[in-house]
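Visitor: Hi! I have a structure open and would like to talk it through with someone. Could you walk me around?

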Amino acid sequence: MPDPAAPKSWIRPCLLTANYTAPLVLAGTRFQYPWLIALALTIHACFFYAVVAPSCGWLVKVATRFRAKGSEVWLTIDDGPDGEASLRLSEEMSRRGVRATFFVKGRNLERQPEVGAALMAAGHSLANHTQTHPAHVFWWLRPGGLRREIDGCNEALSQAGVSVIRWFRSPVGLKNVFLEPALVRCGMRYVGWSVRGHDGVQCDPDAVARRVGKNISPGAIVLLHEGRARSNEAILRVIDELRARGYSFVIPADEQLV
């Protein structure tokens with residue numbers, strides 16, 4: 001089991017302490033000091049940024065790249081598995097010699113463990129994208145709810161045949177103040193991304209491939225999605241254009257993540 005990389009020791013506790021202490025200090029001074037109000041607002045803004053910014057590692061260490069050996073990228077695909085669509089995508093990827101990591105929803109995998117097993121048999125890996133994908137409430141889940149989201153998906157992954165569960169990605173990159181200790185407990189690492197196609201919102205294959213191609217570089221973690229009307233077309237368009245530019249697709253080892 002990998003050793004999860006802990007966040008910088010002082011950032012998370014200091015940010016949490018300041019965020020929860022600031023209102024008490026303001027109340028105690030009866031809001032008499034404008035500079036103190038400005039400081040409290042700044043602290044809250046920093047806390048909000050730490051929660052919503054996908055690449056911010058203040059609350060939990062986020063891997064956004066990996067140390068590549070040449071022109072390599074890591075393709076990660078969220079929100080599946082998507083039944084026959086996933087199988088067709090895997091077949092096309094195999095023809096191109098491409099492997100990817102599918103960050104799956106546990107409830108989707110529970111309904112179709114055979115699809116997850118087929119993806120792994122084709123050389124792909126599966127990782128945790130929560131049990132129910134609670135995008136609107138993930139940031140304020142209490143420890144018990146967060147544990148159920150992580151453990152539920154891990155159980156589905158285990159039932160599908162995943163022996164070592166290494167990686168986690170939250171819905172839309174949100175953080176949670178209890179997430180870092182929850183991942184440490186499970187021996188997992190948080191994986192973000194460095195390049196995204198924004199295909200989860202509007203899946204236009206031309207626009208998706210253009211966005212990815214504009215920002216790609218060796219060692220990039222590419223985020224794409226399943227489950228949309230043209231998801232397979234968009235993913236394969238990205239793959240074909242990057243291959244034409246000399247990129248290869250790999251699944252990195254934990255020690256390569258940065």
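**A walk around the model**

Guide: Happy to. The crossing of helices α6 and α7 is right-handed. Bear in mind that this is a predicted model.

Visitor: At what angle do α6 and α7 pack, and how far apart are their axes?

Guide: Helix α6 covers residues 143-160 and helix α7 residues 179-186; the angle is about 35°, and the axes are 10 Å apart.

Visitor: Which residues meet there?

Guide: From α6 you have Leu 146, Arg 147, Ile 150, Asp 151 and Asn 154. Facing them from α7 are Leu 179, Ala 182, Leu 183, Arg 185 and Cys 186.

Visitor: There's a proline in α6, Pro 143. Is Pro 143 buried, exposed or partly exposed?

Guide: Pro 143 counts as partly exposed, because its relative accessibility is 39% and that class lies between the 20% and 50% cut-offs.

Visitor: Okay, what about α1 and α2? How do they pack?

Guide: Helix α1 (residues 11-28) and helix α2 (residues 34-52) pack at about 145°, with 9 Å between their axes. Their crossing is left-handed. Among the residues of α1 that take part are Leu 15, Leu 16 and Leu 26, while α2 brings in Ile 37, Ile 43 and Phe 47, among others.

Visitor: Let's switch to strands. How much of β8 is buried?

Guide: Five of the five residues of β8 are buried, so the strand is largely enclosed by the rest of the structure. Ile 221, Leu 223 and His 225 lie on one side, and Val 222 and Leu 224 on the other.

Visitor: And which strands pair with β8?

Guide: β2 runs parallel to β8 and is joined to it by five bridges. Strand β7 (residues 195-196) is also parallel to β8, through two bridges. Val 222 turns up in both pairings: Leu 75 has Val 222 as its bridge partner, and Val 195 stands opposite Val 222 too.

Visitor: Leu 75, then. What does Leu 75 touch?

Guide: Leaving out residues up to four places away in sequence, the contacts of Leu 75 include Met 93, Val 98, Val 222, Leu 224, Ile 235, Ile 239 and Phe 249. Leu 75 belongs to the largest nonpolar core, which has 50 residues. Leu 75, Met 93, Phe 102, Ile 150, Leu 179 and Ile 216 are the ones that touch the most other members. There is also a second, separate core of 13 residues, with Trp 74, Val 191, Trp 193 and Ile 251 among its members.

Visitor: Where is Ile 216, and what is around it?

Guide: Ile 216 sits in the loop between α8 and β8. Ile 216 counts as buried because its relative accessible area is 9%, under the 20% cut-off. Beyond its neighbours within four places in sequence, Ile 216 contacts Val 73, Val 195, Val 222, Leu 242, Arg 245 and Tyr 247. Tyr 247 is 31 residues away in sequence, with a C-alpha to C-alpha distance of 9.6 Å.

Visitor: Which residues other than glycine have a positive phi?

Guide: Asp 79 is one of them, with a phi of about 85°, and Val 172 is another, near 45°. Asp 79 lies in strand β2, whereas Val 172 is in the loop between β5 and α7.

Visitor: Last one: how do β3 and β4 run, and how many bridges join them?

Guide: They run parallel, joined by four bridges.

Note on methods: Residues numbered from 1 in each chain as written. Predicted model: local features only at pLDDT ≥ 70, side-chain atom pairs only at ≥ 80, totals over all residues. Heavy atoms only, no water. Pairing = 2+ DSSP bridges. Core = buried A, V, L, I, M, F, W, Y, C linked by side-chain atoms within 4.5 Å. Buried < 20%, exposed > 50% of the residue type's maximum accessible area, 1.4 Å probe, protein only. Contact = heavy atoms within 4.5 Å. Axes fitted to C-alpha atoms, helices over the stretch in contact; angles between N-to-C directions. Left-handed = near helix turned anticlockwise from the far one by under 90°.
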